Amino acid sequence: MSDDFDLLETNSNEKTEKVDVNWGKAIDSMKSKLAQEDDPQVRQKILNATLDDVVNMAEKDRTTLLDAIKDLTDYQDEVGIIFEKFSSLNADEQKIIDDAQKALERAKIELEDAQNKPDTWWNNLWGRKSKIVKAEQELKEAEKIRSGADNRAKAMFQERIESADVQTLLSELSFKSQAAVTRLKEREVEIKEVEDKLQVAIVEATKNHTKALEKKKEVEGQLEEQYALLKQARQELEEIADKQSTEYAQAIGKVTKLEQKVEELEGLKNAYTTLAASKDSFVHKHNLTIKVLTSLRSNLQTHRAKLKSDTEERLKYYDGYIVALKARTDQEFAAILEHLGVKTDEHIGETLAAMHTASAKARQEMMDNIPVHEKVMQGVYSSYAEALQEIRNKDSEIQKNFADRYGIDMKELFEDYYKADANAPTGDDTPSNDPETETNDDDLLS
C-alpha cells in the first residue's frame, strides 16, 4: 500500500511553531451546547415531516453551526491558536492581515538599514540618528497595526458568518477540522521532542545515580580508614598520663583533626546518598512522564487520524446535504408551479365556460331580436334540430369514447346541457318544400 495512507505518520524533523496554551471555559461551553442537542422527538419529526418542517430543521442546522463556529473562534483565542491559521478567511479579511504583516516586515527592514549605516560624523550629519528614531517609531506603529489586524479580520469574519448560509458554515467547519489535524500533528511532534529529551535525561540521571553511589562507596571506604585512625588516636590520648604536657596537646590536636576529617566525610557520604536518591527518584519521575506523554501522543494520533479521515468523508457527506437542500428548494418550486398551473387551468376553464354561456346568450338574444317570417324560423329551427341531432350523435360517440378510455360517464353532464331542448324537433320532421324558404335559408347561411 502507498505510504500516503499512513494516517499516523509523525515527522519529528518538521519545523513547528510552539503555541502557548491559556486554558479557558470555551471548550466546556461547547460541550454543554452539544449535549443539549439530544431531541427525543426526532423519530416523530421524521415520520411527520413536511417540506416546511425541513425548512425549519435546515435553519436549526444553520443556527447550531453558527453558534459552534462562534464558540470555536473564541476558543482559538483562549488557547492561543493563531486566528488566520484556523479560519477560512475571504480575500478582504486575509488582505487586512497580509497588508499589516507586509508593513511590519518593511518597517523592520527599514530600521535594520538605518541601524546598519556606519556611525560616522558624515552619516550623522545626514540624519542617521534621526532616521533610526523615525524607523523605530514606524516599527512600533506597524507592530501595533499588525497586532490589531487579527481582531479587525476576526470582526469582519464574524459579521460575514452571521448571515452565511449552511454551505459556507459547513465549509468553515471543515476548514477548522483540517486546521485541527495540523495542530494535533504539531502537538504530537512537540510531545515526541519532550519524550526524547526525557529519555536523555533518564540516561544522564542514571549515570549520575551510579556515580553518586560509587562516590558514596568510596567515601565510606575513607570513613572506615579515618574511623580506625580516630580510634587509635583517642586510645593514644588516653594513655598519656601528663595532661599538661606538650605530647598531650599534640594528641588532642591529632584527634580533633581526625574528627574534622570524619565529619567532612560523613557530610560527603550524606550528600552522595541524597544525590543518588534524588537521581533515582527523577529516573522514575521521568519514566512516568514519558509513559503519560506517550499515552497522550498515542491518543492524539488516534484523534488526528480519525479527524483527518472523517473530515475527508464529511466533505462528501456535506456536499450531499447541500445538494439535498437545493433539491428540496427545487421540489418546492416545482410544487408551486404545479399549483399555479392547476389554478390557471381552473381560471381558463371558468373563462371558457363563461365565454360559451355568454356566446349562447348572445346568440339567443340575436335570434329573438331578428324579425323573420314564421316559415323562415321554421326552416331555421329545422336546420338547428338537424344540427343538434348531429351534435347529439357526436356527443353520444364522445360519451362512449370517454367511458371506454377513462371509465367516466359523461351522460349526466350532457343531459344537463340539453334539458332546455328536450321538445326540439328532430331531424325526421318533414322540411318545408317552399322554394322561397329554401332560398332564404341559403341567404342566411351566406
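Predicted model: local features only at pLDDT ≥ 70, side-chain atom pairs only at ≥ 80, totals over all residues.
Trp-121 belongs to helix α5, which covers residues 121–125. Its relative accessible area is 65%, so Trp-121 counts as exposed.

Next come the aromatic rings. A search of the whole structure turns up 0 aromatic pairs. A charge does sit over one ring: Lys-285 lies over the face of Phe-282, 4.6 Å from the ring centre.

Now the salt bridges. The structure holds 13 of them. One joins the side chains of Glu-190 and Arg-187, with N to O at 2.6 Å. These two residues are 3 apart in helix α7 (residues 166–239), so about one helical turn separates Glu-190 from Arg-187. Glu-190 is partly exposed, at 22% relative accessible area. Arg-187 is also partly exposed, at 21%.

Other bridges link helices. Glu-188 meets Arg-304 in a salt bridge of 2.5 Å, N to O. Glu-188 lies in helix α7 and Arg-304 in helix α8 (residues 246–369), so the pair ties together parts that are 116 residues apart in sequence. Is this pair buried or exposed? Glu-188 is buried, with a relative accessible area of 0%. Arg-304 is buried too, at 3%.

Glu-259 and Arg-234 form another salt bridge, their closest N and O atoms being 2.7 Å apart. Here Glu-259 sits in helix α8 and Arg-234 in helix α7, so the bridge ties together parts 25 residues apart in sequence. Glu-259 is partly exposed, with a relative accessible area of 33%. Arg-234, at 39%, is partly exposed as well.

Key. Residues numbered from 1 in each chain as written. Heavy atoms only, no water. Helix = DSSP H or I, 4+ residues; strand = E, 2+ residues; numbered from the N terminus. Buried < 20%, exposed > 50% of the residue type's maximum accessible area, 1.4 Å probe, protein only. Phe/Tyr/Trp six-rings, centres within 6.5 Å; stacked < 30°, edge-to-face > 60°. Lys NZ or Arg CZ within 6 Å of the ring centre and 35° of its normal. Salt bridge = Lys/Arg side-chain N within 4 Å of Asp/Glu carboxyl O.
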